[in-house]
Amino acid sequence: EAFWRRSINANYRLGTAECFDRVLAFASRTNARAEVRIDACNAVANWLQPPVLDRVEGRRRDLPNDHRAIDAPTAEKELASLASGGDPRVQSASIAAATKLGIKLSTQALRGIFHTESLDTSIRIESLRSLVASADDDAAGLCLEAVASPDQPLQLEGVKLLANHFPNQAFRAIKQSFEQTKFLRVRQTCIRAAGTLGRADSDAWLARLADLAIAGELESELSLDVFESLQQALLIHEDRSADASPIARSTMQLQELAAARSKDNPENAKYAFSRDGGDAENGKRIFNTNVAAQCVRCHRIGKEGSDIGPELTKIATQRDADYLLRAIVSPSEDIEPKYKTTAFVLDSGAVLSGVIQSESDDEIIVADAAGKLIKIDPDEIEDQVEQKVSLMPQMQAVLSAGQVRDLVAYLRTLKQGK
């Protein structure tokens, strides 16, 4: 095995089209160990853009790119053959190589990939997208297969592709998937897909779901999806100058329900259905990476974050979902005394505002809305006023209703010992 790996690497370092064919031929040898064939596929994938470190020795080896070449026709043929069957790991590696080299596989190979259940789902999804993009004759049928599969990501992709590319065939499959799937995310996607179809049957179905939501007979996790799907359907009808009376009525009724739930703060009506049904993983990404929301700048979870705002490591054991939603969209309604902001008017005329972190006779340290610590000389303070406003940004201008729903879902996972 070591000999073959060094042989692959020697050809890789030379980088000619002839050497490329040798390595590709080895990858196609079914009597060789799968691990070495995968190594050959990886060499093929990086043929035109070799990494700095040597693939075998791990030492820096700057390989010139000017003479490196591939045999494109042979690559297309051999990678398509590898991708269409055999060891699933070699299939995955060959598809990755084709993608890296920009080689389009044949529709026959792509169908084979899609139907290989042992392959990674992301690769099967990519093959389905390619078939749809190439206008393959079987693309719609394959999308229907994806919707009917037991795999959640495949179901999701099938629903989206049907709605976007085959709207006349989509509704029946979408409605059936909604009724039969066990995955909440798929049911939510089915509702949202229906709002893009612009058909009488999909509109009637959405109106029925809205009636159930208003009556409290629909899972609360689906209410936001129904509301936003109806709004999308309305836009489509406006573009087509079509009759939108059934969905307009349902949309208005849901708007009235949202307003009633937000009567104390009408600006938050858009978040009235954001309590349940969020994606906790996406909520975690928003918490950690959304620059506008600034969550991680002010809040600590475990060892990560800041102490400017309340610590959230165990927040789900201390507060319910209603409180969490309210704290995100109306942060100024319930502020603990130590997190209230203070405005300082300096004798220079400057005004600084933030949460006091520490104070002594010599200095006051304040954290501003960006999480920056500012030192203030007490002798320069002309006046200071405690404010009843949170440092948190106004979420109406920062996060969508869906993003807030995801953020709530993430906070609901933060429990003691987890």
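Start by selecting Arg326, which sits in helix α18 (residues 321-329); helices here are DSSP runs of H or I with at least four residues, numbered from the N terminus. You are looking at a predicted model, where local features need pLDDT of at least 70 and side-chain atom pairs count only at pLDDT 80 or more, while totals for chains, interfaces and linings use all residues. Residues are numbered from 1 along each chain as its sequence is written, and side-chain values use heavy atoms, with hydrogens and water left out.

(Buried is under 20% relative accessible area, exposed is over 50%, and partly exposed is in between, using a 1.4 Å probe and protein chains only.) Now show what Arg326 touches: Pro331 and Glu333, not counting residues up to four places away in sequence. Contact means heavy atoms within 4.5 Å.

Next, jump to Thr181, in the loop between α10 (167-180) and α11. Thr181 has 14% relative accessibility, so it counts as buried. Follow the side chain of Thr181 and you reach the backbone nitrogen of Phe183 at 3.2 Å. Leave aside neighbours within four places in sequence, and Thr181 is in contact with Gln155, Val186 and Arg187.

From there, colour helix α11 (residues 184-194): eight of its 11 residues are buried, so α11 is largely enclosed by the rest of the structure. Pick out Val186, Arg187, Gln188, Thr189, Cys190, Ile191, Ala193 and Ala194 to see the buried residues of α11.

Last stop: helix α2 (residues 17-27) and helix α3 (residues 34-45), whose axes come within 8 Å and cross at roughly 145°. Axes are lines fitted to C-alpha atoms, for helices over the stretch in contact, and angles run from 0 to 180 degrees between N-to-C directions. Show Phe20, Val23, Leu24, Phe26 and Ala27 on α2, then Val36, Arg37, Ala40, Cys41, Ala43 and Val44 on α3, and you have the contact.

Keep α2 on screen and bring in helix α4 (residues 72-83): the axes of α2 and α4 come within 10 Å and cross at roughly 15°. That makes α2 roughly parallel to α4, a label for angles under 35 degrees. Here Phe20, Asp21, Leu24 and Ala27 of α2 meet Thr74, Ala75, Glu78, Leu79 and Leu82 of α4.

Conventions:
Helix = DSSP H or I, 4+ residues; strand = E, 2+ residues; numbered from the N terminus. Parallel < 35°, antiparallel > 145°, perpendicular 65-115°, else oblique. Polar contact = N/O pair within 3.5 Å; in protein donor to acceptor, adjacent residues only side chain to side chain.
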